[in-house]
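Please open the structure in your viewer and keep the selection tool at hand.

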Amino acid sequence: MTSPAPARRSCLTIALAAGEGTRMKSGLPKVLHAVAGRTMLAHVLAACSQAGADALAVVVGPGREDVAKAARAIAPQIDVYVQTERLGTAHAALAAREAIARGYDDLLIVFGDTPLLTAETLGRMREALAAGAGVAAMAFLAADPTGYGRLITNGDDLLAIREQKDASEAERAVRTCNAGIMAIDARKALRLLSDIGNANAQGEFYLTDVVEKAREHALRCVVVMASEEEAMGVNDRVQLAAAEAVMQRRLRVAAMRRGATMIAPDTVTLTWDTQIGRDVLIEPGVFFGPGCVIEDGAVIHAYSHLEGAKVAGGANVGPFARLRPGADLRKDSKVGNFVEVKAALIDEGAKVSHLTYIGDATVGAGANIGAGTITCNYDGFSKFRTTIGAGAFVGSNSSLVAPVTIGEGAYVGSGSIVTKDVAPDALAVARGRQFEKAGWAAAFRAKQKPKAKT
Ligand code: UD1
Ligand code: MG
C-alpha cells in the first residue's frame with residue numbers, strides 16, 4: 001500500500017540585508033561582496049530557492065537601491081522591502097509584513113551575510129515545521145560562544161534564546177548558539193513577530209524572542225543543528241576570506257566526487273558555476289573564473305587561467321595557458337604554454353602549442369599554428385576576425401592582420417605578416433626575401449680588426 005504524498009507546503013523566505021557592514025571598509029554593501037565569484041546575497045537566495053521557497057523577499061536599508069537592484073538581478077520576482085530604521089532583527093522581518101500576510105505555510109528568515117548556508121539545513125528546518133513545530137531555530141556548537149545568542153533548552157524543547165548582553169552568568173556558559181536563521185509557522189508569524197517588544201539590554205526588537213512568544217501560544221519550538229562553519233556570518237574581510245576557503249573546499253570536493261582528479265586540490269580555485277566533467281585532470285595552480293565548462297576527459301595543465309571558456313573532451317590546456325571569455329576548444333585540440341585565446345573557436349584536433357595570441361578567430365579542424373603567431377585583431381577602435389581553414393599550417397612568428405582568411409590546407413611561411421586572404425592549399429610568404437653575399441663577413445672582419453681599440 002502506498003501512503004498518500006504529503007501535501008506540499010508553501011514557503012516564503014525573507015533575507016535580512018539591512019546591515020551596515022562598516023567593518024568591511026568598503027564602498028560596496030556587505031552582502032554584495034563575493035564568495036567564489038557570486039555575491040553572498042546570491043548564495044543565500046540560491047540556498048533558499050533550492051530548499052523550495054516559493055517566494056523570496058529581501059529587506060534592505062534605506063537608500064540601498066544597489067542591494068535592491070542586485071537582488072532583482074538574482075531573482076526577478078523578489079519583493080524588496082526597506083527597513084527605514086535599524087531597530088532589530090524582528091523589526092527587520094516585519095518590514096516584509098505585506099509578504100507574510102499573503103499567507104504561506106512556512107516562513108524562513110535568513111541573514112544575507114551567511115553565504116555558507118545550505119539548502120539541506122533549511123530543508124531540515126522546514127521538516128521540523130511540517131512535523132508540527134511552531135518555530136525551528138538553526139543552532140551550532142560554538143568553539144567560542146561570545147557574542148552569540150544562547151539556546152536555553154529542556155530536552156528537545158527550545159525554551160528561549162538569550163542574547164549575550166541579556167544573558168545571566170549560567171546562560172553564558174551554554175555553548176549551543178543561535179545561528180540567527182529561523183523557521184516559523186507562517187500562519188502564526190505575523191502575530192508572533194508583532195508581539196515582540198524591545199525591553200532588553202540593546203533596546204532592539206529581537207527576532208529570537210519569537211521563541212518565547214510561540215511558547216506563550218503553546219507552540220513547540222525546536223533546534224536544528226548545523227556546523228559552526230555553515231552558520232558563519234561575514235563581518236569583515238578576514239571572515240570573507242575564511243568563507244571563501246570553505247566554499248572553495250566544497251566546490252573542489254563536489255568536482256572530485258563527480259569524477260575529476262586534482263593533484264593538489266588546495267591550489268585550484270573554482271567559481272560557483274564552474275562545470276567539470278568526469279576524468280578531467282586538473283594540475284596544480286589552475287584558476288577557473290566565471291562561466292567555465294570543462295567536459296569529460298579534458299586535461300588542464302598547471303598554472304592555467306580560464307574564464308568563460310569551454311574545453312571539450314581530449315583537449316589539452318597549458319601549462320601556463322590563458323583562456324578568456326569565448327574560448328571554445330573542441331575535441332582533442334591543444335592550447336599550450338604561454339598561449340592566450342579569446343573569443344575563438346579552436347576546432348577538433350587543432351594545435352596552438354606555444355607563445356601565441358588567438359583572438360576573435362576560428363582555427364579550423366586539424367590546423368597547426370606555429371609558435372609566436374599573433375592574430376592582429378584590433379586597430380585601436382574595432383575588432384576584426386581571423387578565419388583559419390581546416391588543416392592549414394601557419395608558420396612560426398607570423399602576424400595575421402584581421403580581417404583575414406587563411407584557406408583550408410594553406411601554408412603560411414614563417415615570419416609572414418599576412419594582410420591579404422590566402423587561397424586554399426596555397427603557400428603565402430609575406431616577408432623580406434633572403435639574400436646572401438659570399439665572403440662578406442670575413443671581409444668585414446678583416447677591415448674592422450686593425451681599427452679596434454682593444
Ligand atoms: C543575531 C542573533 C543572535 C545570533 C547571531 C548570529 C538576534 C536578536 N540575534 O545577533 O542570537 O547568535 O545573530 O550571528 O536576532 N538586521 C537587519 N536589521 C536590523 C538588525 C539586523 O536587517 O535592524 C540584519 C543584519 O543585516 C544581519 C542580521 O540581521 O544580516 C543579524 O543582525 P546582527 O546585528 O548581526 O545580529 P547579531 O547581534 O549578530
Ligand atoms: Mg551578527
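Begin by selecting Thr-89 together with ligand 1: an N or O atom in the side chain of Thr-89 is 2.8 Å from an oxygen atom of the ligand. Such a pair is a polar contact, that is, two N or O atoms within 3.5 Å; within protein, one must be able to donate a hydrogen and the other to accept it, and residues adjacent in sequence count only if both atoms are side-chain atoms. This is a predicted model, in which local features need pLDDT of at least 70 and side-chain atom pairs count only at pLDDT 80 or more, while totals for chains, interfaces and linings use all residues. Residues are numbered from 1 along each chain as its sequence is written, chains are lettered from A and ligands numbered from 1 in the order in which they are written, and side-chain values use heavy atoms, with hydrogens and water left out.

Next, select Glu-163, which has a polar side-chain atom 2.6 Å from an oxygen atom of ligand 1. How much of ligand 1 does the protein cover? On its own the ligand has 750 Å² of accessible area (Shrake-Rupley method with a 1.4 Å probe), and the protein covers 84% of it.

Now display the whole shell of ligand 1, counting residues with a heavy atom within 4 Å of it. There are 18 such residues, and the closest are Gln-83, Gly-88, Thr-89, Glu-163 and Asn-178. By class, 8 are nonpolar, 7 polar and 3 charged; here Ala, Val, Leu, Ile, Met, Phe, Trp, Tyr, Cys and Pro count as nonpolar, Asp, Glu, Lys and Arg as charged, and the others, Gly among them, as polar.

Proceed to the largest pocket, in which ligand 1 sits; this means that more than half of its atoms lie within 2 Å of the pocket's grid points. A pocket is an open set of points on a 1 Å grid over the protein atoms alone, where a 1.4 Å probe fits, with protein on both sides within 12 Å along at least five of seven lines; lining residues have an atom within 4 Å of a point. The largest pocket holds about 1600 Å³ of space, a volume being the space filled by probe spheres set on the points. Its lining has 46 residues, and nearest its centre lie Arg-86, Thr-89, Phe-111, Asp-113 and Asn-235. Strand S10 gives the most to this lining, with 3 residues; strands (E, at least two residues) and helices (H or I, at least four) are DSSP runs numbered from the N terminus.

For the second largest pocket, the space is about 440 Å³. Select Arg-38, His-43, Gln-50, Met-247 and Leu-251, which are the closest to its centre among 20 lining residues. Helix H10 (237-257) is one of the elements that give two or more residues to this lining, and H10 provides the largest share, 5 residues.

Finally, turn to the backbone. Most residues other than glycine have a negative phi, and most peptide bonds are trans. Select Gly-318 and Pro-319: the peptide bond between them is cis, with omega near 0 degrees. Pro-319 belongs to the loop between strands S20 and S21. Phe-338 has a positive phi near 55 degrees and is placed in strand S23.
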